[in-house]
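Please keep the sequence and the coordinates at hand while reading.

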Amino acid sequence: MKSRADSEEDQTPALFSERPEWSDVVTVPQYETDTPIAPILYSPEYQDASDYFRAIVKSQEHSERVLDLTEHLIRLNPAHYTAWQYRYETLLALSSPFETELELMNELAVKYLKTYQVWHHRRLLITHLRTPQPELKFIERCLQVDSKNYHTWSYRQWLLSHFVDNEDLWRDELDFVENAIGDDVRNNSAWHHRHFVVFGCGVRPGDEDRARVARRELTFTKQTISLAPNNLSAWNYLRGVLDTMKLPYSLLTQFVKPYTVPLDPKRIDIVDLENPPPPPGAQLPCVHAIEMLADIHEQAGDKDNILQAVELWKSLANEHDTMRVKYWEHRIRDALNSR
Amino acid sequence: MSTQQPTQRRQAKRTPIDEYPSLTSRTQQETETILSEHGIINGEPTLQKNAHLQFLARNMIQGFPARYVSQDASQPWLLFWTLQSFSALQVGLDPGNRQRAIDKILAWQHPNGGFSGGPGQSPHLLPTYAAVCAMAIAGRPGPGGGWDQIDRPKLYEFFMSLKQPDGSFRVAEHMEVDVRGIYCLLVTAVLLNIMTPELVEGTATFLASCQTYEGGFSSASHPFYSVETDRVLRSPKPNLGEAHGGYTFCALASWVVLQSYLNLEPPPASSIGPNSQWGTEFTTERPRVDLKRLTRWLANMQGSEVELGGFRGRTNKLVDGCYSWWCGGAFSLLEALGIGGLQNLTSKDVEIDEIVDAAKEAGASKEEHHDGWDDIDESLFNRKALQEYIILAGQHPAGGLRDKPPKSADSYHTLYCLSGLSAAQHHIYPSHARKADTLKTWKDDESPYNTLRKAVFADVISWTEEDGTAKVIGPAATNRLNATHPLTNLTITHTEGIMKHFYGQEIPSRPFIKPMGTKRESK
């Protein structure tokens, strides 16, 4: 039933069908028909490994050689969730050391950063091992390869949530995320992580003074906006701080206004740490600042303010952000309607 | 419809980088350079239907090239993406290939319930959705037809076995929790009529906890448990991952489906425990999503003119054709929640519109206000620009659609670009009138869950196309696609066909839906 493949290059591993230690297994082909619709044209190596894997699942064998087989299959297709699942069950059945498994994962995770399974498997291992600390460095290495990888960031957030009371684990997290934002101020994953660190898991020890936390976060974000004003990630975070802490948008009026008009070359900078001005290279007016100012007016709620908001939304719809004309019209209707 | 030939576009404004470059702005600039080259065309923007049909037929008949081995655990997806792409392109399957598709789907059904990524693999929520949707397209009632060979009681048991105390579901045994799995589970339960209050209790609360400060949804949230009662705390429930287009679509569509459950009388109790140390007592409070923030986030995902109006999936990431559906398709879903669309407009809104429009004309501002696009289009995204992105940048010259140039085409992007194009062409909304008609024709059944199933049925069947609102750029006869149901991403015909069967109910006729192309229905 197997197509005995012409032997490929010497370094490729032998097919399982050529290994004497597997000769007792009767392989299970995938389909009963030779001509299924929409087939995948498998390599002989993959076909061989998956034929043996189906046989093992069928016989429910959990043994050392199953670890070989699943590793082989995972290297050929890291998204093969059943191979991962079956491997995990085999590790449990054999009481196989998870430390060894984690070493293997250190290699595979970097290779297959974009698959769900490598990250989930790692969660299962760390849940058993309860060794979160070295994970931080490992994650940092992965982020150097791909600084916005969704799985990597959610894994870090899972780790910090799962070991939420581990103060050693949490100690340098704010510094870590500050560096990540410093590396690329537009990295939204890093901004989201900051929100997670500051607000996600309840009040951290040392952060009990919420007014101080609010000041720290607002100052940090405004400083970052003053480096590169047209950065939606930072504006979203700024809104997030106010929304999460239920603070009025009007706290930002003074800060926002200079960003809503063309850069004035003759302006004189006054050092004001609360309201850092736009940098000389800023491309103004900034759409996000106009939007923020409109929302400040809308939140104030009286008729004059609403009308000022409407004027700003119109300028976005007709001039500064024409792609979203329908959305800005919706905002205008919404604001006028709720009055 | 505009008859004028699009010519060279005017130089669109680049995304400002404020003389402060970073990794993000560098990749953004590279992408903008490539996209602006694709924005220059001679003649009308045209969907290369034949090339795409050949791409799909090649995969289906000859097979997928070896690099698709990465999809070996997603075989139902490969089939669903292919079959639904054909449906969007108004092409039906011949009876022989239909039967081969049915037989293949049944080979994925697991003896313990649910469908697997391939024969001999474990059942999993994602391939279950894909298999059932593929079956909605290819299958039929009766022996060998596939529909009646789906083991619904076992499927329900499989679903329940994955349920977690916080209302979420694992995607498979030992596997991760995320909102994709919930979407896949709910759509399957809706289509096959196996929804119960027990199945979805607490799920809406979980979904709401996945909304991030930006407004979109993350993959999941992390539950904390009360030490005293071992119950899930109301908060904190930190998001795992940032707001993301794919997860947002799944969470929002799930949220819309669950309105049928949340609106039940008397209101269903929340499964979330009281007396949390973090939050206030919480038992019957209805979970909430911040729709204003969600709408803002979705609107912000549409790229600018220099990005040809494509959608991105996260703030400050690159546009990608697949988000045409995950983000572009989400605006219809908002209408079910009262946001956007003609049906949600009040008479006061209409007055306001007149004032705004008058101001606009007086300002003599922008082009394109007189080509008939704005008069009746109350969608909150730019439908015309999204069509341009897909047609100008999303098509691979050799057939199939893609993320962006110069990438190659694949099955996944082919479907989600086509679904997004369809969502940009057709305005599908949940009609109150059609819902009322559906409720009127409902025949009560013996099920203890009659009330919930009736509500679910009427809510899903209520989606309909607003007459005369289709907007197709380029040559309409060529570019026009079939309309897609915003919840299932099947055609409305296929959604209604399989539901009619499994609910044993009549579906009110549709006065103004246009014929579905060349499809040959076998029954």
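**Exercise 1.** Determine how helix H4 (residues 95–107) of chain B and helix H5 (residues 125–138) of chain B are placed relative to each other.

*Solution.* The axes of H4(B) and H5(B) come within 10 Å and cross at roughly 155 degrees, where axes are lines fitted to C-alpha atoms, for helices over the stretch in contact, and angles run from 0 to 180 degrees between N-to-C directions. Helices (H or I, at least four residues) and strands (E, at least two) are DSSP runs, numbered from the N terminus. Angles under 35 degrees count as roughly parallel, over 145 as roughly antiparallel, 65 to 115 as roughly perpendicular and the rest as oblique; H4(B) and H5(B) are therefore roughly antiparallel to each other. The crossing of H4(B) past H5(B) is left-handed, a term used if the near helix is turned anticlockwise from the far one by less than a right angle, with right-handed used if clockwise.

The next step is to list the residues in contact (heavy atoms within 4.5 Å). From H4(B), Arg98(B), Ala101(B), Ile102(B), Ile105(B) and Leu106(B) meet Ala131(B), Ala134(B), Met135(B), Ile137(B) and Ala138(B) of H5(B). Sorted by class, the contact of H4(B) with H5(B) has nine nonpolar, no polar and one charged residues, given that Ala, Val, Leu, Ile, Met, Phe, Trp, Tyr, Cys and Pro count as nonpolar, Asp, Glu, Lys and Arg as charged, and the others, Gly among them, as polar.

Two conventions apply throughout: this is a predicted model, in which local features need pLDDT of at least 70 and side-chain atom pairs count only at pLDDT 80 or more, whereas totals for chains, interfaces and linings use all residues. Residues are numbered from 1 along each chain as its sequence is written, chains are lettered from A and ligands numbered from 1 in the order in which they are written, and side-chain values use heavy atoms, with hydrogens and water left out.

**Exercise 2.** Carry out the analysis for helix H3 (residues 81–94) of chain A and helix H5 (residues 116–129) of chain A.

*Solution.* The axes of these two helices come within 10 Å and cross at roughly 15 degrees, which makes H3(A) roughly parallel to H5(A). H3(A) passes H5(A) in a right-handed crossing. On the H3(A) side the contact is made by Tyr81(A), Trp84(A), Tyr88(A), Leu91(A) and Leu92(A), and on the H5(A) side by Gln117(A), Val118(A), His121(A), Leu124(A) and His128(A). By class, the contact of H3(A) with H5(A) comprises seven nonpolar, three polar and no charged residues.

**Exercise 3.** What area do chain B and chain A bury between them, and how many salt bridges does the rule find across their interface?

*Solution.* Begin with the contacts, in which 101 residues of chain B touch 83 residues of chain A. Chain B and chain A bury about 8000 Å² between them, 54% of it on carbon and sulfur atoms; buried area is the accessible area (1.4 Å probe) that two parts lose on being put together, summed over both. In chain B, Asp18(B), Tyr213(B) and Arg296(B) lose the most area to chain A, together 11% of what that side buries.

For the charged pairs, a salt bridge is a side-chain nitrogen of Lys or Arg within 4 Å of a carboxyl oxygen of Asp or Glu. The rule finds three across the interface of chain B and chain A, and Glu298(A) forms a salt bridge with Lys292(B), with the closest N and O atoms 3.0 Å apart.

**Exercise 4.** Where in chain A are Pro285(A) and Ser95(A) found?

*Solution.* Most residues other than glycine have a negative phi, and most peptide bonds are trans. The peptide bond from Leu284(A) to Pro285(A) is cis, with omega near 0 degrees, and Pro285(A) is found in the loop between helix H13 (253–256) and helix H14 (287–300) of chain A. Ser95(A), although not a glycine, has a positive phi of about 50 degrees, and Ser95(A) is found in the loop between H3 and H4 of chain A.
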